[in-house]
Amino acid sequence: MTAPDTRQTMSAEFRKTLSETDLILFAGLSGDLHPVHIDEQSPAARDAGGRTMHAVFLIALMSTAVSRLMQARGQRSRVAGFRALTFYRPAKPGDTVCAGARIGPAGSADQLRVEITAMTDAGVLLADGVAEVEVS
Amino acid sequence: MTGLVPLAVGDRVHFGHRVTEADVYLFAAVTGDSNEDHVDATSPVGRRFGRIAHGAYLISLMATAGSLMHQRHDVASVSAGYDRVRFVAPVPIGTSLEISYQIDVVDQDSGRAEAAVTITAADGAVVAVGRHLIAFLDQNGSPPRRDGHAA
């Protein structure tokens, strides 16, 4: 009996319900204390219908999906970079975000182009882009 | 016509930050990415370089620079995205970083601007680069969406 070929795994996802703790820790970690993130009464937060998560938090969740994908494939790798990271809508504390990573048709065996997305539980696209992954 | 974009080519912000163990471990905790490269000193990467910061953490420092630029003018804008982000060298815990963010494209017609962002270590070596794309909003709150935030 042969072991399952983990290289057949072409996609992975990471889901997380974003918490107040995530927002505040991310603000402190990044140093991005813009009022839209931390001041519910600020004009920016009022315009947005409440404080929003940092857009880069969505990149981090998509990056986690890439990390899970490569672990599922059993391949040591590193993300060499990102291209065309685009933000469509902000996420808010309480939203459940599904970050997805799928190996795209372009790229090669040791230079993968991984298509990444972040969506709400209802299927609204929040952000997408491409991760360039080097397999070692 | 006075343009919507309150920035000029060459406008620059920069700041320094030393990457702490707490930065890396809390980042792993909030993002769910506890890959061994970041939290296992005995992993291959850990033994070779030390535990290293997440790439997305470096982008978050780029975004913080964008937020500092935004707070200079406070004109409503959104972070439209990032492009051509490259992680050039590993960033172990304890590395002192300098984040430099400079506007190099201003397009008043489309209400857009771009910045080149470079992160260097204390020895001057570049560890990460990227481009930040900013969209300014007219009074109708377009384009492309409105949350009043630059980064």
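In chain A, strand S1 pairs with strand S3 (residues 96–107) in the antiparallel sense, over 7 bridges. Strands here are DSSP runs of E with at least two residues, helices are runs of H or I with at least four, and both are numbered from the N terminus. Two strands pair if DSSP finds at least two bridges between them. One example of a bridge is A:Glu13, whose partner in S3(A) is A:Gly100.

Before I go on, this is a predicted model, in which local features need pLDDT of at least 70 and side-chain atom pairs count only at pLDDT 80 or more, while totals for chains, interfaces and linings use all residues. Residues are numbered from 1 along each chain as its sequence is written, chains are lettered from A and ligands numbered from 1 in the order in which they are written, and side-chain values use heavy atoms, without hydrogens and water.

Back to S1(A), residues 11–17. Which of its side chains are buried? Buried means under 20% relative accessible area, with a 1.4 Å probe and protein chains only. Side chains in a regular strand alternate between the two faces of the sheet.

Now the whole sheet. It is open, has 10 strands with antiparallel pairing, and runs in the order S1(A)-S3(A)-S4(A)-S5(A)-S2(A)-S2(B)-S5(B)-S4(B)-S3(B)-S1(B). S1 of chain A and S1 (12–18) of chain B stand at the edges with a single partner strand each, so one side of each has no neighbour in the sheet.

Within chain B, S2 (residues 77–87) and S5 (residues 126–136) run antiparallel and are joined by 8 bridges. There, B:Gly81 stands opposite B:Leu133 of S5(B).

Next, the helices. H1 of chain A (residues 20–30) packs with H1 of chain B (residues 21–31) at an angle of about 150 degrees, their axes 10 Å apart. Axes are lines fitted to C-alpha atoms over the stretch in contact, and angles run from 0 to 180 degrees between N-to-C directions. H1(A) is therefore roughly antiparallel to H1(B), a term for angles over 145 degrees. The contact (heavy atoms within 4.5 Å) includes A:Leu25 and A:Phe26 from H1(A), and B:Leu26 and B:Phe27 from H1(B).

Finally, chain A has 4 helices and 5 strands, in the pattern β-α-α-α-α-β-β-β-β along the sequence. Of its 136 residues, 49% count as buried.

Terms used. Parallel < 35°, antiparallel > 145°, perpendicular 65-115°, else oblique. Buried < 20%, exposed > 50% of the residue type's maximum accessible area, 1.4 Å probe, protein only.
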